[in-house]
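The exercises below ask you to work from the coordinates of a single model, and each is followed by a solution in steps. Try each task before you read on.

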Amino acid sequence: RDIKPSNVMVETRKGGKPFVRLLDFGLATAIGCGRGVCGTPKYMSPEQWEGSEQDERTDQYSLAVLACELLTGHVPLEDVFEPKHKDGQANDGHGVDESREAMRNAALKRKLELPHGLSFWRRKVVAKAMAKLPDDRYATCGRFAAALALHAPVPVSKWILFAVLAALLAGLVLLVCTRADVRSQKDLPAPVIVPQPDPPRPHE
């Protein structure tokens, strides 16, 4: 299980439709990574670091890290997984044993810190997919993808936005005028009712 940008390829098919292809997906099974510590550190789930049982929810964790990186340009806990050298260059994530131990502790124990640039709801979706325990994540990667797509920003034409604002403004003006008219009617004096005498009866 090694979901990361270099293993995700996007190609264009007939009609210009994009098609995403995941590479090396069977590599984990081939080298026996059902259990055991293997993968690219910054995309590894807590159960990968522990070497415990892994399933599709493990891939969901890595996919959430990848989605976060695509949306913001940064990975969670970047200060641990991409430490800077003295020359300012980023570490490749495969440093000395001390670095790997710090990464392991961050993945297992440290509170999740998502980078800036995610909306409120997208932060909740990504945080759920990156829960420490697999049972706290989405049941499937499909549900995670659906939740992420549900909160995607919708491009709105400036003319549509202007029309909506104009309609809201018109409704507000109408509401204010209606309330003012009702108040003015309440301020009018009550009508005076003058009793009318009974008409005279004709003589018999």
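**Exercise 1.** Determine how much space lies in the largest pocket and which elements give two or more residues to its lining.

Solution. Begin with the volume: in this predicted model, the largest pocket holds about 230 Å³ of space. Here a pocket is an open set of points on a 1 Å grid over the protein atoms alone, where a 1.4 Å probe fits, with protein on both sides within 12 Å along at least five of seven lines, and lining residues have an atom within 4 Å of a point; the volume is the space filled by probe spheres set on the points. Next, list the lining, which includes Leu63, Leu66, Arg122, Phe144 and Leu148. Helices are DSSP runs of H or I with at least four residues, and strands are runs of E with at least two, numbered from the N terminus.

**Exercise 2.** Identify the buried residues of helix H7 and state against which helices they pack.

Solution. Take buried as under 20% relative accessible area, exposed as over 50% and partly exposed as in between, with a 1.4 Å probe and protein chains only. Within H7 (residues 141–150), Phe144, Ala147 and Leu148 are buried. Because these residues cover an arc of only 100° around the axis, they lie on the same side of H7, the arc being that of the directions from the helix axis to the C-beta atoms. The face turned away from that side carries the exposed residues Arg143, Ala149 and Leu150. The buried residues pack against helix H3 (56–72) and helix H6 (120–129), where contact means heavy atoms within 4.5 Å.

**Exercise 3.** State how confident the predictor is over the chain.

Solution. The mean pLDDT, the predictor's confidence in each residue from 0 to 100, is 75, and 63% of the residues reach 70 or more. Over residues 85–96, pLDDT stays under 50.

**Note.** Residues are numbered from 1 along each chain as its sequence is written, and side-chain values use heavy atoms, with hydrogens and water left out. Local features of this predicted model need pLDDT of at least 70 and side-chain atom pairs count only at pLDDT 80 or more, whereas totals for chains, interfaces and linings use all residues.
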